[in-house]
There are 2 protein chains.
Amino acid sequence: MKVNRVHKNERIGTIIKVLTENPQKIYTLNQFGDMFQCAKSTLSEDIDIIKSLFERFELGEIETVAGAAGGVLYKPVMAKEQIKDFCIELCGNINQTDRIIPGGYIYLNDILYSPDVSYNIGRALGSFFQNQTFDYIVTIETKGIPIGLMTARVLNKPLVVIRKEGKLTDGTAIHMNYLSGSSKRIQTMSLAKRAIPKGSKVIFIDDFMKAGGTARGVIDLMKEFEAEVVGVGVLMATKEPEEKLIEEYVNLLILEKVDEEKKEVFVQSYL
Amino acid sequence: MKVNRVHKNERIGTIIKVLTENPQKIYTLNQFGDMFQCAKSTLSEDIDIIKSLFERFELGEIETVAGAAGGVLYKPVMAKEQIKDFCIELCGNINQTDRIIPGGYIYLNDILYSPDVSYNIGRALGSFFQNQTFDYIVTIETKGIPIGLMTARVLNKPLVVIRKEGKLTDGTAIHMNYLSGSSKRIQTMSLAKRAIPKGSKVIFIDDFMKAGGTARGVIDLMKEFEAEVVGVGVLMATKEPEEKLIEEYVNLLILEKVDEEKKEVFVQSYL
């Protein structure tokens, strides 16, 4: 695109638009230089301004990467305080008696499938893993998908979805039986063989963890792919059992109690 | 947040950041006025600059809404040419013989679950429905979810996911049997009763359409909720059968042919 002289306001605005809409993607000064027909030194000044305004208004991080493959990128991370505020607000929305479902479950579909809320859950969970090296976000159908996808978006990694049954459209797949941690029922996981190359590192994201049987199963399934789970993040973990089947995980919320008889539900922010 | 005088660059940059990250959400001049401690007239000028730079660099639409509930919002829509370019690129990625799966299916998981690609599919599909009045985006598990969620994000509406089996965590649900359009097999759809209030208007988004049996089923299921499907958008529709079970729909791609024997797959952009 050939353009007439572009004003500083316009350069800054356009760079912010592009970076915000493409989280964690590195843009080189040359790319912006071509776009605006201006010198790198001018762009460096622009980026300094952008950096400091993101700090000042707590808009996330702008990072510059030095070297030949260098450039600038946007990390939509949240500070601890922001995560906490978001989680407290979320708890206010969850702790409503009309969310209690026969069987002692909590209805969360409207929250998980809200594009706004799931994006912010992705930002919050992603903030814990942003400095880790890994190749894929892995989740399991169905309710893990929205927050898995948004975490993947925030960290700019591909999402891989494990199915609970094999599908024709997966082609050759690896199936695995496992025991759910709490009910000790036999469950199945299935994943297309081509979904994850050998030697990959993955982070497992899910909506809910009770005993950790599903996370344990995913760790085992990844071994079949010669891949490694290097992190586990869930929206909500139950307080009981305190001992989970996996050792390390991150959770945003703790489910302290849900009592169908007394119509009580109590979820807290972990932070 | 109390701030010292904020420079024009910074105001423009921050407004763009906030609008870009919150598509279709109206922000009032008062909100920005509080943030920057400046006059509305100054902000109006800023927004005029933002508007024209979004036009100049084809970054989507900035719309101002007049009146008491007025303000400014970002519509991440794509122009027809941009949709076409994106679809052609996508076809290049899809038309690869190693995507052909036994049974004559095409492996698309890596595309559908790429946060980048699904976001752009959401932008493209969303562009067709942006001027329509509706309350929910509806999709069906599993592969409809990522593009359903991204379309919902782009249009800032809640997503509702129909299950293929009833789940305990849905509470009271409406189940419906229907015939798949092509294979004439009995399938089931299930949706929590509280998911959609009476009188709602919805847009159905899915990854794939052959005869249209699923879309037909969703239209019927919505009648049980006293809700109405006012639009249908799919990523890919097959060329055959040309007569679908529903009359109006939008598709980005056409599947012309997939031949397992000859190892041929041919998908085209609809536009």
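This is a predicted model: local features need pLDDT of at least 70, side-chain atom pairs count only at pLDDT 80 or more; totals for chains, interfaces and linings use all residues.

Colleague: Which residues of α3(A) are buried, then?

Modeller: The general idea is that an α-helix has 3.6 residues a turn, so residues three or four places apart point the same way. In this helix, the buried residues are A:L43, A:D46, A:I47, A:I50, A:L53 and A:F54. Seen down the axis of α3(A), these buried residues fall within an arc of 125°, so they line one face of the helix.

Colleague: What covers the buried residues of α3(A)?

Modeller: The cover includes α1 (8–21), α2 (29–36), β1 (61–65) and β2 (71–75) of chain A, together with α1 (8–21) of chain B.

Colleague: How should I check the span of a helix such as α3 of chain A?

Modeller: One compares an expected span with the distance between the end C-alpha atoms. At 1.5 Å a residue, the 17 residues of α3 (residues 40–56) of chain A should span 24 Å, and because the end C-alpha atoms are 24 Å apart, the two agree. After the helix comes A:E58, which has a positive phi near 50°.

Colleague: Which residues of α2(A) are buried, and which are exposed on the other side?

Modeller: In α2(A), the buried residues are A:L29, A:F32 and A:F36. Viewed down the axis of α2(A), they fall within an arc of 70°, so they too line one face of the helix. On the other side of α2(A), A:N30 and A:D34 are exposed, while the buried residues pack against α1, α3 and β2 of chain A. Just after α2(A), A:Q37 takes a positive phi of about 55°.

Colleague: How many helices and strands does chain A have?

Modeller: Chain A has eight helices and twelve strands, and its C-alpha atoms fill a box of roughly 65 × 45 × 30 Å along the principal axes. Of the 271 residues in chain A, 44% are buried.

Colleague: Which residues of the largest nonpolar core touch the most other members?

Modeller: As a general idea, nonpolar side chains tend to be buried together in soluble globular proteins. Here the largest nonpolar core has 122 residues, and those touching the most other members are A:V202, A:F204, A:V218, B:V138, B:V202, B:F204 and B:V218. Leaving aside residues up to four places away in sequence, A:V202 touches several residues, among them A:F134, A:Y136, A:I196 and A:V230. A second, separate core of 30 residues includes A:L19, A:I62, A:V72 and B:I16.

Colleague: How many residues of chain B are in contact with chain A, and which element gives the most?

Modeller: On the side of chain B, 44 residues are in contact with 45 residues of chain A. The largest share of that side comes from α1(B), with ten residues. By class, the side of chain B that touches chain A has 25 nonpolar, eleven polar and eight charged residues. Since 100% of the interface residues of chain B are also interface residues in chain A, the copies meet through the same surface.

Methods. Residues are numbered from 1 along each chain as its sequence is written. Chains are lettered from A and ligands numbered from 1 in the order in which they are written. Helices (H or I, at least four residues) and strands (E, at least two) are DSSP runs, numbered from the N terminus. The expected span of a helix is 1.5 Å times one less than its number of residues. A residue is buried if 20 or more other C-beta atoms lie within 10 Å of its own, exposed if 12 or fewer, and partly exposed in between; C-beta atoms are placed from the backbone. The arc is that of the directions from the helix axis to the C-beta atoms. Two residues are in contact if their C-beta atoms, placed from the backbone, lie within 7 Å. Ala, Val, Leu, Ile, Met, Phe, Trp, Tyr, Cys and Pro count as nonpolar, Asp, Glu, Lys and Arg as charged, and the others, Gly among them, as polar. A nonpolar core is a set of buried Ala, Val, Leu, Ile, Met, Phe, Trp, Tyr and Cys residues joined through C-beta atoms within 7 Å.
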